[in-house]
Amino acid sequence: MRHSRGFQIFRIIFRERYREPTLELVVPTMLVANIFLSAFYERGNFSLLGVVLGFTPVISVSETLAFALGLRNAIFVTGDHVYKGSIISFLTMPVRREILFVYIYLSDVVLPWFLWLLTSVLYSSLSGIPVPSLILATFTAGYFFSLNVVLLLTILLRSPGVATLTSMFVLGSIFVFGGALGYYQILEGNTSLLYLSSFANPYVLWIADSLGKNLVPQIVTGIWAEAFVAVITLMIAFTKFRGLEP
C-alpha cells in the first residue's frame, strides 16, 4: 500500500530518532522501573507519600528516562541538524514548515511523554496502586515546560554543547532554588507565597501535602503556570523554526 507523502516524511523523522532497539529497550524499562512505586507505597501507612516519592523526578526512573530521551532528541538530533546545517535537507522537503515542526515536535517531545504516561497508567492498573491524576498532571506540565525550554534554546543557540549546558543551568537553577524557596516558605508557614513559587518545584509541595498540609490549590496554580510558560516557549520555538534559513 502506498503511503501519503506526509506520512513518509514523518516516518523518516521517526526512524532517525527511534532506531532499533530504542523502543524495545525504553518501553519495558519504563514499565518495570515503576517497581519503586510499589516499594515506597508499601512502607508503613503513608500511601500518598509513597506515590509522591515514586513519581518524583530522579527517583522515578521512568520519568528520568522520558526526560533524557526527549532531551537527546531535541538537542542531539534536531539540534545537531541545525548546528551542522543538515536541517536544510528537511526544510526543502515537499511539506510546509509548520507541518514539519509538528512532525519533529511529536517525535522529539510528545512520544517520550506518551510512553511514560502509557507505562505509568498500565503499571498503576496492574498493581492496583491508585495514582492521583493531579500527580500525573504535575509531571506532564513540568515535562513540557522543561522540554519546550530546551527546544527553544536549541534553536536559538544552534550548538548542542552550548544548548545542553545552558538548559541544565536554567532548569537546574529553577528546580533547586525553587524547591529550596518552597521548603522555607512551608517551614515559615507562608503558604500564600507558595502561589508564586509553586511552579518552580511542585514536588516539595506534594511531599508537604502528603504529610498533612493542604497545598492542593498552590500545586494546581503551579501546574497552570508551568503549562502557560510551556505554551509560550513552544510558540516562540515554532516562530524561530519557521525563520530558519534554508
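This is a predicted model: local features need pLDDT of at least 70, side-chain atom pairs count only at pLDDT 80 or more; totals for chains, interfaces and linings use all residues.
Neighbours within four places in sequence are left aside here. Phe55 then contacts Leu37, Ser60, Glu63, Trp116, Ser120, Val131, Ile135, Leu136 and Tyr203.

Next, the helix pair. Helix 11 covers residues 202-210 and helix 12 covers residues 216-242. Their axes come within 10 Å and cross at roughly 160°. An angle over 145 degrees counts as roughly antiparallel, so that is how helix 11 and helix 12 run relative to each other. The crossing is left-handed. On the helix 11 side, the contact is made by Pro202, Leu205, Trp206 and Asp209; helix 12 contributes Val216, Gln218, Ile219 and Glu226. Sorted by class, that contact has five nonpolar residues, one polar and two charged.

Last, Leu71, which sits in helix 5, residues 61-84. Is Leu71 buried or exposed? Its relative accessible area is 13%, and the cut-off for buried is under 20%, so Leu71 is buried. Again leaving aside neighbours within four places in sequence, Leu71 is in contact with Phe76, Leu147, Val150 and Met168. There is also a C-alpha separation to report: Leu71 and Asp108 are 37 residues apart along the chain, and their C-alpha atoms are 8.0 Å apart.

Note on methods. Residues are numbered from 1 along each chain as its sequence is written. Side-chain values use heavy atoms; hydrogens and water are left out. Contact means heavy atoms within 4.5 Å. Axes are lines fitted to C-alpha atoms, for helices over the stretch in contact, and angles run from 0 to 180 degrees between N-to-C directions. Helices (H or I, at least four residues) and strands (E, at least two) are DSSP runs, numbered from the N terminus. Angles under 35 degrees count as roughly parallel, over 145 as roughly antiparallel, 65 to 115 as roughly perpendicular and the rest as oblique. A crossing is left-handed if the near helix is turned anticlockwise from the far one by less than a right angle, and right-handed if clockwise. Ala, Val, Leu, Ile, Met, Phe, Trp, Tyr, Cys and Pro count as nonpolar, Asp, Glu, Lys and Arg as charged, and the others, Gly among them, as polar. Buried means under 20% relative accessible area, exposed over 50%, partly exposed in between (1.4 Å probe, protein chains only).
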